[in-house]
Amino acid sequence: MHAAVILAHPRPDSYAHARAQRAVDGLQIAGHSVDLVDLYAEGFQAAMTEAEREAYHGEEPILDPLVQASADLVRRVDALIFVYPTWWSGLPAILKGWMDRVLVPGVGFTFDGRTGKARPGLTNVRHLIGVSTYGSPKPLVRIINDNGRRTIMRALRLGCGFRVQTRWHGLYAIDTSTIEQRAEFAARVERSMTELR
C-alpha cells in the first residue's frame, strides 16, 4: 500500500511533527511505502491566485509545479492521512489552501459529461484518516462544531467514494494534557497505522 501523510504545522519541533513521524513509522512497520508532505517545509502557498481561479474549470486547472506534485501524489495513493492542529475550530489555512489548490476538477472530483454532476475523483483512496489536536475538551468541540473533521470526513470523503474507510484520532484539551497522555496518543496513532491493509 502507498500512503501520503499531509502535515500542516509551521514548527519542526512541534507535537504535530512528532505525530506525523509516528504515523510514518507505523505505516513503514506495516510494510507500506509513505510520502510525507510537510506543507510549511515545502513553502506551499495557501492562497489560490487569480490565474488559478481563472483556470479552475479549464483543461489545465493546475498552474504551479508544487501543486501538480501533490495532485500527482494523491492520484496514486491508497491512503491519505492528515496531521494538523485544530485552530479556530477548523483546518490551518495552509491545509485548507492545499485542498483548494490541489483537489481541483479532474483531481478531487470529475464532472459527468452527460449529466454535469460531480463524481468522485479519488476512488484510488481506500483509507482516509485525520489526526488532530484541540485546545478545547471534546464536549465543547462538539458544541462549537469540528469544521476540520467535517471537511475531511464528509466533504473529502465524497471525493473518494463511498467505499473509503475512515478513521479519526483526536487529542482533546491538549493544553492541559500530560506528557503521558500525549505519548499514549502518539503511540495510538502509530498502532492504528500498522493496522491498515
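Trainee: Why is Trp 88 called exposed?

Mentor: The label rests on relative accessible area, found with a 1.4 Å probe on protein chains only, where under 20% means buried, over 50% means exposed and anything in between means partly exposed. Trp 88 comes to 88% relative accessibility, so it counts as exposed. Please keep in mind that this is a predicted model, in which local features need pLDDT of at least 70 and side-chain atom pairs count only at pLDDT 80 or more, while totals for chains, interfaces and linings use all residues. Residues are numbered from 1 along each chain as its sequence is written, and side-chain values use heavy atoms, with hydrogens and water left out.

Trainee: What makes Asn 145 partly exposed?

Mentor: Its relative accessibility is 28%, so Asn 145 counts as partly exposed. Asn 145 sits in the loop between H6 and helix H7 (147–160), where helices (H or I, at least four residues) and strands (E, at least two) are DSSP runs numbered from the N terminus. Its phi is near 100°, a positive value in a residue other than glycine. Most residues other than glycine have a negative phi.

Trainee: How do you know whether Ile 94 is buried or exposed, and which residues does Ile 94 touch?

Mentor: Ile 94 has 6% relative accessibility and therefore counts as buried. This residue of helix H5 touches Ala 8, Leu 39, Tyr 40, Phe 44 and Ala 46, leaving aside residues up to four places away in sequence; contact here means heavy atoms within 4.5 Å.

Trainee: Why is strand S3 described as largely enclosed by the rest of the structure?

Mentor: Seven of the seven residues of S3 (residues 79–85) are buried, so the description follows from that count. In a regular strand the side chains alternate between the two faces of the sheet. In S3 both faces are covered, with Ala 79, Ile 81, Val 83 and Pro 85 buried on one side and Leu 80, Phe 82 and Tyr 84 buried on the other.

Trainee: Which strand is joined to S3 by seven bridges, and which by five?

Mentor: Two strands pair if DSSP finds at least two bridges between them. Seven bridges link S3 to strand S6 (residues 127–133), and these two run parallel; Leu 80 stands opposite Leu 128 in S6. Five bridges link strand S1 (residues 2–7) to S3, also running parallel, and Ile 6 stands opposite Phe 82 in S3.

Trainee: How many aromatic pairs are there, and what makes the pair of Phe 82 and Trp 98 edge-to-face?

Mentor: Rings of Phe, Tyr and Trp (its six-membered ring) pair if their centres lie within 6.5 Å, and planes under 30 degrees apart count as stacked, over 60 as edge-to-face and the rest as tilted. By this rule there are four aromatic pairs. The centres of Phe 82 and Trp 98 are 5.9 Å apart and their planes stand at 70°, so this pair is edge-to-face. Phe 82 lies in strand S3 and Trp 98 in helix H5 (residues 93–102), so the pair ties together parts that are 16 residues apart in sequence.

Trainee: What angle lies between the planes of Tyr 134 and Tyr 172, which are called stacked?

Mentor: The angle between the planes of Tyr 134 and Tyr 172 is 10°, with 4.4 Å centre to centre, and the pair is stacked. Tyr 134 belongs to the loop between S6 and helix H6 (138–144) and Tyr 172 to the loop between S7 and H8, so the pair ties together parts that are 38 residues apart in sequence.
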